[in-house]
Amino acid sequence: MSQTPTPHIAAKAGDFAKTVLMPGDPLRAKYIAETFLEDATLVNNVRGVQGYTGMYKGKRVSVMASGMGMPSIGIYSYELFHFYDVDNIIRIGTAGAMHADLKIRDVVLGMGACTDSRFAAQYQLSGTFAPIASFELLSKAVAAVEAMGNVDYKVGNLLSSDVFYNDNAQATAAWQKMGVLAVEMEAAALYMNAARCGKNALAICTISDSLVTGEVTTSEERQSSFSDMVKIALEIA
Ligand code: HPA
């Protein structure tokens, strides 16, 4: 069911691998392609949203940026799943810790993604949809992070929020009471697109800041913890 190129991706059918890693930032996509992939070629650059396909340990893998927020990842993941025959999308991004037990640089594997967005309204369900990760990708990610041995991680609920600068000072506390681990801005839409299309998705997040302690990461810390997350994603790709 090819309908390519799409309004937002200039690649041809077959240009993407079955698994696409999605960082938020286009420069991160370029960095991953140049640092971790062999024979990487640029397959998209519409709006500077760089997409590359190359090889990792003999596997064909793609990486393309999602941009920030659910409308943006909603568009790219929809087009990859529906028009480029992509089967797996693994988001690799940062998140703010909402749980006191999470430290800067820890990894959160998003088993579920709560949201304050109305993305699910399009499905006209008579209740609340629970966006969840692919169990297969999630269990492979747990095995990969365990094998690395030196990465502190948790598996649980993310909050995908439409709002980075929230005017409601109580919003975080309410989600914390429900045991939500960390806040980011993309996973729920990715999980819903995967569910609707019968495909697989997982969000792997590194804690870049803490809403509990107010701590933030330095750029060096961000770089090394970013590499851990990329390695987990590439192992399960
Ligand atoms: N809020 C939303 N998204 C984020 C945050 C945050 O505090 N940190 C990293 N991504």
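## Packing and salt bridges at a glance

Lys30 is partly exposed, with 30% relative accessible area. That value, like everything here, comes from a predicted model.

**Salt bridges**
- The whole structure holds nine salt bridges.
- Lys30 pairs with Glu34 through a salt bridge of 3.1 Å, N to O; Glu34 itself is exposed at 56% relative accessibility.
- These two residues lie about one helical turn from each other, because they are four residues apart in helix α1 (residues 26-36).
- Lys12 and Asp15 form another salt bridge, at 3.7 Å from N to O. Lys12 is exposed at 56%, whereas Asp15 is buried at 16%.
- Lys103 and Asp106 bring their closest N and O atoms to 3.1 Å in a salt bridge. Lys103 is partly exposed at 42%, while Asp106 is buried at 6%.
- Arg91, Glu184 and Glu186 belong to one network, joined by salt bridges that share partners.

**A buried asparagine**
- Asn44 sits in strand β2 (residues 38-44) and is buried, with a relative accessible area of 2%.
- Its side chain reaches the backbone nitrogen of Ala10 at 2.8 Å and the backbone oxygen of Val49 at 2.9 Å.
- Among the residues that Asn44 touches are His8, Gln50 and Met64.

**Nonpolar cores**
- The largest nonpolar core has 70 residues, of which Phe16, Met64, Leu80, Leu202 and Ile204 touch the most other members.
- Helix α5 (residues 187-197) supplies the largest share of this core, eight residues.
- Leu80 has contacts including Phe16, Met64 and Ile89.
- A second, separate core of five residues includes Met98, Cys114, Leu159 and Val183.

Note on methods: Residues are numbered from 1 along each chain as its sequence is written. This is a predicted model: local features need pLDDT of at least 70, side-chain atom pairs count only at pLDDT 80 or more; totals for chains, interfaces and linings use all residues. Side-chain values use heavy atoms; hydrogens and water are left out. A nonpolar core is a set of buried Ala, Val, Leu, Ile, Met, Phe, Trp, Tyr and Cys residues joined through side-chain atoms within 4.5 Å. Buried means under 20% relative accessible area, exposed over 50%, partly exposed in between (1.4 Å probe, protein chains only). Contact means heavy atoms within 4.5 Å. A polar contact is a pair of N or O atoms within 3.5 Å; within protein, one must be able to donate a hydrogen and the other to accept it, and residues adjacent in sequence count only if both atoms are side-chain atoms. A salt bridge is a side-chain nitrogen of Lys or Arg within 4 Å of a carboxyl oxygen of Asp or Glu. Lists of a residue's contacts leave out its neighbours within four places in sequence.
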